[in-house]
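Here's a quick briefing to read alongside the model. Have the viewer open and follow along.

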Amino acid sequence: MNALTAIGEALVLIGTFFYFLSALGLIRMPDVYNRMQTSTKSATLGSLGVMAGVGIWALGTDFGSAAWLTKSLVIATFLLLTNPISAHALIRAAYKSGIPLWEGSVVDKYREHLEAGKKEEVEAPKETPEEGGEE
Amino acid sequence: MISVYYFGAISLILIGLYAVLVKKNLLKMLIGLSIMETGVNLLLVSVGYVAGRSAPILSEGIGPNQAVDPIPQALVLTAIVIGVATTAMALSVAMLLYEKYGTLNVEEIRRLRG
Amino acid sequence: MNGQYASLLIALPLIGAFFVPLIKGAGKKAVKYYLIAITAVQTGIAAWVFQQVYSTGKPIIVMAGAWRPPVGINLYIGHFAALFILIVAAVSFMMAVFSLRAIEVEPIDKYAMLFLLLMLGATGMIATGDIFNLFVFMEITAISAYALTAYNKTGEAAEASMKYIILGGIGSSFFLIGIALIYGSLGTLNMAQIAQLAGNMNATVAQVGLALVIFGLAVEAELFPLNAWAPDAYQAAPHPITAMFSAFVVKAGLYAMARLLYLMQAVESWGSVLKLLIIMATLTVFVAEFAALRQRNVKRMIAYSSIAQIGLIALAFALGTQSGVDAGVFHMVNHAIVKALLFLAVGHVAVTLGGAEMERFEGLGKRMPLTAFAITIGAIAAVGIPLFNVFWSKLRILLATLGAGYTWAAAVVLIASVVEAVYYFRLVHLMWFAGEGERISEGLAVSLILLFLAALVVVIGVYPDYAWSIAQKAGSDIFNVAQYIENVPLMGVGA
Amino acid sequence: MLKRALAIITLLIIGYWLAQGLAGVPFGEDKMLVGQYYLDHVKEQTGAVNAVTAVVVNYRGFDTLGEVTVLFIASTGVGALLWRRRKERTARTEGSIVLTTGTRLLVPFVMLFGAYIFIHGHLTPGGGFPGGATIATAFLLLYMAFVQYEIPHKAFEKVEGAVGVSYVLVGLIGLAIGGYFLYDWIWQDWGFGTENIGRLLSGGFIPIIYTIIGLKVGTELSGIIDNMLKEEVSE
Amino acid sequence: MGEASKISRYLYTVIVLFLIWLAITASLDPQELGFGLLLSLIVAAFTYEIFTTSGLANLHPKRIAYMLAYIPYFLWAMIKANLDVAYRVLHPKRPIRPGIVKCRTVLNSDVGKLSLANSITLTPGTITLDVDGDEYFIHWIWVPEEAMTENEEEHVKVASENITVPFEKFLKVIFG
Amino acid sequence: MINEILLILFAPLVAGVIAWALDVKGVREAIGIIGAAIPLAVLAKLYSQVLDEAINYSITVSGFTLQLQLNPMSWYFAVIASLVGLAMALGMAVTSRNSYDWLFALMSYTGVLGVFLSQDFVSFFLLWELMTFASFMMVLRRNRHESLKYFVLSVIGAYAMLIAIGMLYAKTGALDFATIRQALYMDAAMGTITTREMAMIFGLFLVAFGVKAGSVPLHVWAPGAYSETDQSYTAFFSGALSKAGAYGFLLLYILMGYKLYAAFGTFNNHLVFAYIIAWLGAITVVVAGFLAVLQEDIRKLFAYSSISQVGYILLAFGLGSTLGFAGGLFHVLSHAVFKGLFWLVTAAIILQTGKTQFKDMGGLAEKMPFTFAMGLIAVLSLAGIPPTAGFASKWLIYEAAIQAHMPLVAGAIFLGSGIAFAYVVRFLYAVWFGQRPSDLEDVKEAPLPLLIGMAILAIPNLVFGIAPGLVTDYINKMLGGEIVGGDYYRLVTQTGTYNALLVTIVLTIGLAIAGLIYIYGARARKVPVTNTYQSGNPVTEEYNLSIRKNFYRPLAEALEFWLKYSWDRFYERLASMAEDFADSLRESFYNGNVQSYSWYLAVVLLILALWGVL
Amino acid sequence: MIGINVYLVLIAIATLLSMYRVFRGPTTVDRLVAVDIMTTITAGLMVLFALYYKRMIFLDVALVYAILAFGGVIAFARYMEGGL
Ligand code: NA
Ligand code: NA
């Protein structure tokens, strides 16, 4: 047990805790939009923690090497870049496939934006999503 | 007592088969098939596992007697690719079917019978 | 010449298929002729291998990468494989020729590739000496068959293909579970070594493993009630492909089933597996013949007939006796010829007249006399009339069945055969003694092939000795497991 | 409902049966026979560190050739089934700038990483198939982000065919040089890379074959994606 | 902002790829370096056109410095976001007041917009739902009272100040 | 030197193929006749040689040794077949102008010869099938429905035989007659083959041979098949081909008589298995006889008559005594010559008039005097009136039945003869005598080849009728004992004597007188619209019943209860049930739903699992 | 490696909760989001395993997995919004 492994362990612990939080958010939030609010951030931070933690931790072991750190940071960076993109893609999919906002929602500027766009195009609104309803 | 891996593998196989036997939607049946394949692959890998041993890549200090059986892993690699290929075929056939029949309900896809 | 060159049997169709995208720019016709050329060369290689194996009496063991089994995968081209690979190649060649006339649906280049790979898959299934490699080749065969079944891109074609995919998928998954069990128990995938060690296997593992492996292959081998995909696939597939399905694709599955069955005969529950198979095979014959009875579509009718004949072969294989296996192999050969003939002829009619419904066969004797003649020969042979080839093998199967004490199975088979006789009778009568019509040109190439196959039917029927002696050799290749183990140069790994 | 109940009962019995069979193959026990042989000899016989790769490419080369073939069949089959006289992409919704820009940034990296995976097949997990799949993912992302994007499918088809041919040719060269199909002459005869075990330039013909497979899988999967995403348009 | 020359773009791509290669192999073995360079050259040849428009200009020291500075800033924002998440998730009453708001950005470059969008997504209570030109539509888990106004300009101003502006000062320099 | 057996066997087939291939009118007929004559000639040449020593030929095909043998028994049957075969060829030269007919007629000829010559079950079965197939093709061309019936029953028979052969093979390991016979003989003592298995083998052979012999209830194919083909061919079909079935029954005795005895024992001092055969024969005689009487179509009448007459042969064989065999064997000959003759006569009538119904005929004796004379001989022989071969054989059978103490069976013989008399009388009158319909005024005598064919068959009827000892002498040699005593003209059994010569002389005188009376009577009773039944009264529409039409309707009404039960209808219903079964089977199993199909797989897995778990 | 059990328990709970969302839905996007979270967690798990087994090579596996999973999620998301 040295400083590096200790830091690593702590980071990993934090990371896994955020994983847990992320999943909890999936359960506790009322609709898909709010679920994403809570889960994407935590999952990303959790990953960051785990990856960095493992990289640092490995440095403190007999088998570890710098490669551990660089590789895990590559993975962390990749996730940092892609997780928000997929979150964005998913929330957009949710909205475009017609899933309504939670009933407690206070404002929807995007609807106004889309309707303004539609008025110009004069096209029938696509109300029913292709696979939105489910069961 | 059966190992969790075996249990998981068998469960996946059965869940997949259940979907094939019960779901009316062709896509769901195909998903069932994929789940079955996954279960079988898991089973294969589990069969090759040797307790206390590591992946059969003889680097980073792993010697011939510290590695698990490489064969099942090689087989699974093949099986996965075959599964992907089957799924791709199945999906394109399903697309064709949907185009021609306008449905993916198996009970309505019965022009060939008897 | 080095026996290892038999690996060309695998290499050539592969190269042939991979090369197609590079020449597809030359046009549809060119691709078709290319297909004919490749299958012709393949037939030549197969003939060379056949000659080698039968003249030396020793199997060719192809060892990929120079690894001796069980370390490497080996191909075992013994008497059976040599014979059947030749049949695979020859039938493929004929169907390639038939494709010239029969295939108009685009994209022809894809058709040619899938065609070659279907041939490759069956060849590999027959040749391989490794149980997992068998799975791989089985999937090659199956997936190209799925694609080819749907090739016509009609609703029916897609439907048939989908059924094939789902049932084949379940079958192959369980086959793989069986492999996992066998491998887990023995630590090897080499068939010869499995046979060597099968006796020491844990009884439960052996039972479940064998049952699953046989189950998986039985789906491909069209045993009742696992064969529900087959009539649809036969009906919907392009005509040359249907002929290939019947002539060798199913048979490859059937062979694999028999091979594994006999390799694992040291397993305790072997006898009960045989009994189960006998029941399934007999039911296959019975149900398929009755299902064919009132078919309105001739192609489908012959498909059912084909399934029934396959059941008969399975029955012969499941008897567990040398005479049964010999008879089964003999019937495989005969059936391959007859069904190639029938599907070719019926396909030819369907291509020329625009469909395979019963009504179109009215007066065929006047419209397409040669084709009608070929169908008649095929029908007569299929029914098992003496002096046509199928008679001899059917007789052998019956004798073997009765010899093994399964009188009831023989009786059921024969009752079903009466039904078969009736529907073929109706077809023949319809062609020759009903309807009128103008003479239609029948095409030289197809006519020649039809004549060749019909001649083969009669020649074997009149002079079955040669074919029978080959079938016996091929049969003992399957039955004589000790010889098989001895022939494979196993290196002393583990055992 | 009855159907579901019956299905569950049936499946439970089948499951119990499978479990019984598996009980004879105890989990975690050393049951290796041929497998141990591979582990003991893989380095000297193939020059690969990754025993799985050696099994896949060398010892069980036929399987892998078959595997490549299966994927080729799928790509060809999908192409055959979804073939139309004129096809175009008909997506309705454009990808947002987030997705398109993200894709631009990611694609080179993903491709590079795919190549990394397949040329390191003899050293690390992975190889031609995951490498190829990774490359195909790059194309998938392009398709997802840009609704008008198309791969140059004619060229891809040719590449697919040509690398397939070269795989078999590698096998045939082995047949010509060493007398056996798929014989690894680079390692067995030339002894190339004997000093380098564990480094990149080793493993006999494994890197060559994995490069071939990687390109093949990449082009094939991309081809499948291409075929599935386009629809017929009237002329 | 005009496009950089092909050479510049290509070289930039090669350099980035090779750096990534170094990171994933983490090896100075000449064999690895050689192949890494080779592969970077090949991959870059196929992809430089989509990868970058500004080419080597991206490697301007000022940009790199700002980028380095941005990392801790952003990480801190992200950690705050997650504490916020923890609060909302663990709070028994689930305190949320969601809605979709509109912001404007001053960023011009695509990469800049992407970075902004991602940053928004990963920070407190916001996810980028769509980007159209310079308008960002953002799902906000706790829309403040001030933003719930009928006045469009007012709304955008409030939202932007809360969401986009904090990142823009860095991103404007880094990506333009 | 060509092997004689092969020459006998393949001459007709080769001739048929050549005739078919050449297809030149005239040449075709000539080749066919030559091909048909060769077997008879060679057989005649080999007569004495065969009695000394059997001639063998064997060849190995597909691992099976095919053995053919010419011995006294096979010679006898072969000669009968070739005699009828030649007559058939002569008839066909006139009645059939079709190379298709020639091919298959001669092919079936080869098949029949082969069945008689075979000494092992493979060649027996092969040639049996060749014979069946060829005769089927002859029917197929004319009538789909009837040929289908024939086909199905033949196939059933063939497959039954195949199983029986297979079981024998499984039990004895042999397929040749000699070994099987030996093995079964030995087994009679050891009893390794159970009674149940023996019963099955016997039953299957019974079906196989019963179909071909047309024994009730497997006869339903015969009326249609016999009438729906070229009538010259029917001469062979009914005269020779159906004997293959009778020969099969004989074979049962030879191969397994002792074992069957050991397996089933006796009943009333009579072999149980033989009893069954005898009763099959007796029932066939009576039932088919009655049905023959009721026919309105000349071809149908003789078809049923054929069935009935073959019943005699079975009945005789079923008596189980050597005398019974002698009678049966003699009747094989008699029936062949008189029924062959009948069909040629029928062929001539149909050829010259184009009619087949009794109602359309009459007064043809004047127009076709030679044919009439031939018909008369056939009638006498069939009805069992001395001095014809038919009488001699029936007399022997009757004697054998009495000796066997089977009075009921003997009664069947009597009843059968009475019925036969009833229908031949009708034939005689309705066709040859009475008022000639106006459209038959231009009818000519049949062409020469046909007449020669008739003569070839008529002569043995008379010769062997007057000198039955010629036949019994040979039969004695064949069966190896003095079974029927006497000389050429006199048959002597334990219970009776028949002096054919004496009877002939008496009858000739009587016939001469009758002839004179008839000639006068015919001239005296010439009325405008007449028929014999109503004694010259005009035919009224209300009761439209004459010798030419509905002559035996009263009988039909009397038998109404029994006629309700038609085997024909029974089979038809069975067939349609089978087809319905087939439909529902495939509709329910192959229901098109892939999910159901998946369930089939799951169920098989379930079965495997249960089998493994339990 | 004292804490490994703690991590595994946390990850297991997280996975189970996500699984619940996958099966429960109610919308397809809900399931997708849950799958996305699961893939992220799985990648982390792989990295942890690399450490546990002391095999750096597993990190490559994690990265490949992350790439493929990202591609898959994006594809599904685009399918849901009609972008294919
Ligand atoms: Na995410
Ligand atoms: Na992700």
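Is Asp36(G) buried or exposed? Asp36(G) is buried, at 6% relative accessible area (buried is under 20%, exposed over 50% and partly exposed in between, with a 1.4 Å probe and protein chains only).

This is a predicted model, where local features need pLDDT of at least 70, side-chain atom pairs count only at pLDDT 80 or more, and totals for chains, interfaces and linings use all residues. Residues are numbered from 1 along each chain as its sequence is written, chains are lettered from A and ligands numbered from 1 in the order in which they are written, and side-chain values use heavy atoms, with hydrogens and water left out.

**Sodium site**
- Asn83(A) (OD1) and Asp36(G) (OD) coordinate the sodium ion (ligand 2) at 2.7 to 2.9 Å (donors are N, O and S atoms within 2.8 Å of the metal, or 3.2 Å for Na, K and Ca; water is not among the atoms, so sites may look incomplete).
- The pair joins two chains, because Asn83(A) sits in helix 3 (residues 66-96) of chain A and Asp36(G) in helix 2 (residues 28-52) of chain G (helices are DSSP runs of H or I, at least four residues, and strands runs of E, at least two, numbered from the N terminus).
- Asp36(G) also coordinates the sodium ion (ligand 1), 4.8 Å from the sodium ion (ligand 2).
- Asn83(A) counts as buried too, at 6% relative accessibility.

**Gln309(F)**
- Gln309(F) is part of helix 14 (residues 298-318) of chain F.
- With 0% relative accessibility, Gln309(F) is buried.
- Beyond neighbours within four places in sequence, its contacts (heavy atoms within 4.5 Å) include His331(F), Lys394(F) and Tyr423(F).
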